[in-house]
Amino acid sequence: MDRIFVTQSSMPPYEEYIEMIKPLWQNHCLTNMGEYHRQLEEELKIYLGGRREVSLFVNGHMALEMAIQSMGFPKGAEVITTPFTFISTTHAIIRNGLTPVFCDISSDFTIDVLKLEELITEKTAAILPMHVYGNICNVEEIDRIARKYGLKVIYDAAHAFGETYKGKNAAEFGDLSVFSFHATKVFHTIEGGAVCCPYREQYDTLYNLKNFGIRSQELTVSIGANAKMNEFQAVMGLCNLKYIDREIQKRKKVIQAYEEILSEAETITLNVRKKEVFCNYAYFPALFENEEKRDHIYDRLMAYGVYSRKYFWPITADAACFKNKYKRDRLENARDLSKRVLALPVYADLDLKKAVWIAEFIRKEI
């Protein structure tokens with residue numbers, strides 16, 4: 001069997017992409033919020049519900065880091081966040097001079113809203129949850145708590161592109177919602193990201209942060225950095241956006257093939273999606289009895305050239321770079337789930353016969 005990776009980038013027709021980038025050789029306008037950049041912002045705004053401004057970034061991490069920076073939190077302020085996420089989420093908080101306060105997670109892998117209030121102090125400025133595996137957080141309760149204590153909410157929506165909850169797009173939750181358009185995501189711009197915000201003033205702040213605060217050749221209004229998306233990325237996004245609904249449906253078939261077989265395995269717990277969520281089928285996490293069983297399946301699949309991923313393990317709070325700083329934090333559920341979860345290969349062009357083989361192999365091995 002050929003190697004099967006945990007994901008594979010969706011690509012538009014080659015000729016279509018090449019045709020769209022031809023004008024770049026004529027006008028030599030490769031960056032600095034060019035025509036394609038502006039077009040992608042407008043098309044994404046429509047796709048993501050039409051109610052929020054969309055600010056594009058060179059990658060998802062810079063989108064998140066500058067989203068946090070744009071809120072103007074005082075240095076040293078605390079941000080309550082999840083430990084069950086990619087390390088970027090935590091780094092974005094710390095690199096802004098803020099203190100992450102880790103909240104344990106629920107069985108659906110999202111932040112446990114029942115444990116949020118006990119973590120709030122006079123230093124708390126914001127809550128930064130994540131829609132893990134496309135499981136939408138308990139946005140109603142998070143909003144209630146945030147309003148009660150006067151806190152801001154920034155959602156890491158890297159896993160939730162194109163999803164809706166009760167008819168509302170994931171881009172519309174919180175004060176800000178941040179997406180990653182990395183090549184491994186359901187929708188990608190090779191690298192890239194976006195911040196969705198409700199007000200034009202916030203959009204202008206983000207613009208300044210990603211473009212050195214430059215508004216014209218003679219006018220620099222604030223201190224910023226360079227985090228702009230270039231035109232080649234924007235073209236990839238415009239091409240991929242045409243096929244996003246088709247790609248999601250193809251992913252759905254892969255996940256349905258997994259579910260049909262693995263739902264019969266008593267020792268595996270599968271992800272339960274909320275009925276009110278329109279899902280993007282980005283990930284297929286399987287939860288095993290214990291760490292030993294998870295690692296056994298991981299190794300056995302690898303022996304056949306099938307690359308699964310222990311995603312997320314370890315939790316970010318236990319990353320080596322923090323040198324045990326958060327080891328005493330009460331994150332029992334997050335630590336337990338991280339030791340037992342395995343993300344199986346999911347991508348639009350995964351052969352369904354191979355998905356069936358993977359699922360049947362796992363069922364036999366357990």
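A pocket is an open set of grid points with protein on both sides within 12 Å along at least five of seven lines. The model shown in these views is predicted.

**View 1. The largest pocket and its lining.** The largest pocket holds about 560 Å³ of space. Its lining is made up of 30 residues, and those nearest the pocket centre are Phe 86, Thr 184, Lys 185, Tyr 283 and Tyr 311. Helix H3 (60-70), helix H4 (87-94) and strand E8 (176-180) are the elements that each give two or more residues to this lining. Sorted by class, the lining residues of the largest pocket are 15 nonpolar, 10 polar and five charged.

**View 2. The largest cavity.** The structure has three cavities of 30 Å³ or more. The volume of the largest cavity is about 70 Å³. Around the largest cavity are Ser 10, Met 11 and Pro 12, then Val 186, Phe 187 and His 188, and finally Asn 240, Tyr 243, Ile 244, Arg 246 and Glu 247. Helix H8 provides three of these residues, the largest share of the lining. The lining of the largest cavity comprises six nonpolar, three polar and two charged residues.

**View 3. The second largest cavity.** This cavity contains about 50 Å³ of space. The residues that line the second largest cavity include Tyr 133, Ile 255, Glu 259, Asn 271 and Arg 273. Also in its lining are Cys 279, Tyr 281, Ala 282, Tyr 283, Phe 284 and Pro 285. Eight residues of the lining are nonpolar, one is polar and two are charged. Tyr 283 is also among the residues nearest the centre of the largest pocket.

View 4. Helix H7 spans residues 231-241 and is mostly covered, with 10 of its 11 residues buried. Among the buried residues are Glu 231, Gln 233, Met 236, Cys 239 and Asn 240. Helix H1 (14-27), helix H2 (35-47) and helix H8 (244-262) are included in what covers the buried residues of H7.

**View 5. Cysteines without disulfides.** No disulfides are found in a search of the whole structure. The closest cysteine sulfur to that of Cys 197 belongs to Cys 196 and is 7.6 Å away, so the two are too far apart for a bond. Cys 197 is buried, at a relative accessible area of 0%. Cys 239 takes part in no disulfide either, and its nearest cysteine sulfur, in Cys 29, lies 18 Å away. Cys 239 is likewise buried, with a relative accessible area of 0%.

**View 6. Packing of helix H10.** Helix H10 covers residues 332-340, and its buried residues are Ala 334, Arg 335, Leu 337, Ser 338 and Arg 340. These buried residues pack against strand E12 (285-287), helix H9 (291-303) and strand E13 (341-343).

**View 7. Gly 76 in its loop.** Gly 76 sits in the loop that runs between H3 and strand E2 (78-81). Gly 76 counts as partly exposed because its relative accessibility is 34%. Apart from neighbours within four places in sequence, Gly 76 makes contact with Gly 97, Leu 98 and Thr 99. The C-alpha atoms of Gly 76 and Ala 125 are 9.7 Å apart in space, with 49 residues of sequence separation.

Notes:
Residues numbered from 1 in each chain as written. Predicted model: local features only at pLDDT ≥ 70, side-chain atom pairs only at ≥ 80, totals over all residues. Heavy atoms only, no water. Disulfide = S-S within 2.5 Å. Buried < 20%, exposed > 50% of the residue type's maximum accessible area, 1.4 Å probe, protein only. 1 Å grid on protein atoms, 1.4 Å probe; cavity = no way out; pocket = protein on both sides within 12 Å on 5 of 7 lines; lining within 4 Å. Points joined across faces, edges and corners; volume = space filled by probe spheres on them. Helix = DSSP H or I, 4+ residues; strand = E, 2+ residues; numbered from the N terminus. Nonpolar A, V, L, I, M, F, W, Y, C, P; charged D, E, K, R; others polar. Contact = heavy atoms within 4.5 Å.
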